[in-house]
Amino acid sequence: MNRTTLSLIGVATALAAVTGVATLTGGSSDGPDRSAEAASRMPVERSTLLCPTPTSSEVGSTTYTAYTPRRKDVAAEGAGGGEAALLPARSPSDEVTDPGAGDDGGKGGKDKGEQRQRDAATGGGKPVLPLKQPGKPVTTDTDRSDAPALIGTADGRFAPGWTVQQTTTIAAGSGRGLMGTACTAPDTDFWFPGASTARDRQDFVHLTNPDEAAAEVDLKLYGPGGRLKPSTDESITVPGRSTVPVLLSTLTDQRAADVSLRVTSRTGRVGASVQSADQKAGGDWLPASAEAATSVALPGIPADATSVRLVVFAPGSDDADLKVRLAGRTGSITPAGHESLHVKSGMTAAIDLGDVTKGEPGSLLLTPEGGEGAATPVVAALRVTRGKGSAQETAFIPATARIDRTATAADNRAKGSTLSLVAPGATARVRVTASAASGGGSPVSKTFTVKGGTTTSVAPPRPASGKGGYAVTVERISGGPVHASRMLALPQDGVPMFTIQGMPDDGGTVVVPGARQDLSVLNDESAR
């Protein structure tokens with residue numbers, strides 16, 4: 001998935017017209033770029049996030065958590081202004097009421113009609129999760145089966161690193177389990193390896209449009225033999241400020257256990273997330289893979305995983321030959337019988353790694369078998385299962401981009417959170433900070449050294465005093481690249497319910513060419 005980019009004077013104005021929202025440009029792999037001679041790094045001024053419709057289950061409950069880290073490079077609290085909140089999206093069935101409608105036939109009816117029209121245009125409802133200050137999370141809960149998708153923006157001091165987590169518990173039925181996702185930035189291109197059109201799976205892609213104009217989106221499915229033949233029009237219209245769910249199995253008559261979904265927007269931009277429900281093994285959200293790369297990291301396989309399935313797709317015109325390594329606590333090994341993987345161009349490849357971690361947490365690393373000179377970019381994801389028999393639960397780990405500076409996972413509880421850090425190359429040093437809790441307290445930080453080729457899996461620090469959920473921020477201090485994920489485990493009735501969120505860089509800062517660059521025009525072009 002392409003990260004959306006902050007509009008910059010001259011250089012990035014055209015790019016911003018396509019991608020809109022302010023986010024990060026990459027830094028050095030050897031450490032944060034602090035060179036003022038070449039460029040200055042400034043906090044972004046605006047961010048947009050989209051949360052999909054959480055569930056239609058009558059026995060589901062959802063917790064939302066919003067958070068912006070307190071940063072040294074952002075104006076102090078009380079200065080700089082800004083706000084952050086979300087509004088409900090509307091479904092395609094919503095209609096704009098006639099402004100003149102009303103039983104009284106007078107001005108009151110007209111005013112009410114105009115209000116209904118404004119509500120339909122914005123999704124209606126009150127702002128959700130408005131932040132009061134950086135550094136302190138805000139949470140809210142709902143048990144509504146018709147809870148809407150959410151569209152939100154943060155600007156000023158709330159924009160850099162703004163994160164929203166959506167966590168849903170479904171007590172029974174298809175998809176039973178814990179379904180979590182970090183709300184995503186809008187974009188124009190997404191890859192979802194690990195989706196399915198199998199009869200025992202119900203995978204929906206949720207498309208949410210943050211803008212007023214309609215977006216035209218194409219959906220393409222690729223199986224083990226290549227492109228799946230469509231049985232219907234794969235072009236989807238997503239009305240302005242609306243969300244549209246699409247069941248993947250309705251796009252084709254072909255049934256495949258492992259497919260790769262590509263979502264591309266021909267006009268406009270959308271947020272895209274895949275919600276997967278298995279009849280026997282629960283379900284979770286499948287996030288988009290990181291952008292296709294020659295080497296990828298899939299961090300945070302739990303120690304007690306009973307089954308791990310790797311799904312890889314090569315989007316380009318060349319086949320990919322990959323080395324498969326498992327980075328554990330003390331070093332990297334090659335899974336027995338799976339030393340390498342050949343991925344044909346345009347086809348989805350999958351291998352069952354079984355209980356590959358053998359009681360020790362780890363991360364999967366894919367690198368070119370013939371060296372970088374013969375490398376082919378790929379996208380990838382893992383489907384991870386915990387438990388056995390009727391007490392199984394699944395989650396997904398997509399290929400996750402490295403942390404250049406900082407990354408945050410919101411909605412951590414007093415128990416159940418596990419942070420995984422992997423350094424595929426050189427040793428890396430990171431600082432992990434637990435925010436104040438939603439009910440008060442103060443932040444706590446701890447520094448970790450992640451040796452090259454290993455995974456460090458720890459319970460993150462907790463806030464000093466205070467009750468409620470909290471956020472965890474990982475800051476890369478020095479050394480080689482580091483990738484991270486957070487697992488939240490909330491077992492219920494003997495089922496090991498869990499969800500895993502990758503932690504790519506939060507895009508809180510952007511490099512501005514020239515230290516004296518005028519930043520007065522940095523904005524979100526799409527918001528105009």
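**Stop one: a serine and its neighbours**

Start by selecting Ser-485. Leaving aside residues up to four places away in sequence, Ser-485 touches Pro-299, Gly-300, Thr-418, Leu-419, Ser-420, Ile-500, Gln-501, Gly-502 and Met-503. Keep in mind as you go that this is a predicted model.

Now colour by secondary structure: Ser-485 sits in strand β33, which covers residues 483-489. Is Ser-485 buried or exposed? It counts as buried, because its relative accessibility is 2%, and the cut-off for buried is under 20%.

Next, pick Leu-419 from that list of neighbours. Leu-419 and Ser-485 are 66 residues apart along the chain, yet 6.0 Å separates their C-alpha atoms. Then show the side chain of Ser-485: one of its polar atoms lies 3.0 Å from the backbone oxygen of Pro-299.

**Stop two: another serine**

Jump to Ser-47, in strand β2 (residues 46-51). Ser-47 is buried too, with a relative accessible area of 9%. What does its side chain reach at 3.0 Å? Select Ala-159 and you'll find the answer: the side chain of Ser-47 reaches the backbone oxygen of Ala-159.

**Stop three: the nonpolar cores**

Select Leu-310, Val-312, Leu-364, Leu-366 and Leu-382 together. In the largest nonpolar core, which has 32 residues, these five touch the most other members. Zoom in on Leu-310: its contacts beyond four places in sequence include Leu-341, Ile-351, Leu-353 and Ala-380. Apart from this core lies another, of 27 residues; Leu-207, Ala-215, Leu-248 and Ala-256 are among them.

Technical notes:
Residues are numbered from 1 along each chain as its sequence is written. This is a predicted model: local features need pLDDT of at least 70, side-chain atom pairs count only at pLDDT 80 or more; totals for chains, interfaces and linings use all residues. Side-chain values use heavy atoms; hydrogens and water are left out. Helices (H or I, at least four residues) and strands (E, at least two) are DSSP runs, numbered from the N terminus. Buried means under 20% relative accessible area, exposed over 50%, partly exposed in between (1.4 Å probe, protein chains only). Contact means heavy atoms within 4.5 Å. A polar contact is a pair of N or O atoms within 3.5 Å; within protein, one must be able to donate a hydrogen and the other to accept it, and residues adjacent in sequence count only if both atoms are side-chain atoms. A nonpolar core is a set of buried Ala, Val, Leu, Ile, Met, Phe, Trp, Tyr and Cys residues joined through side-chain atoms within 4.5 Å.
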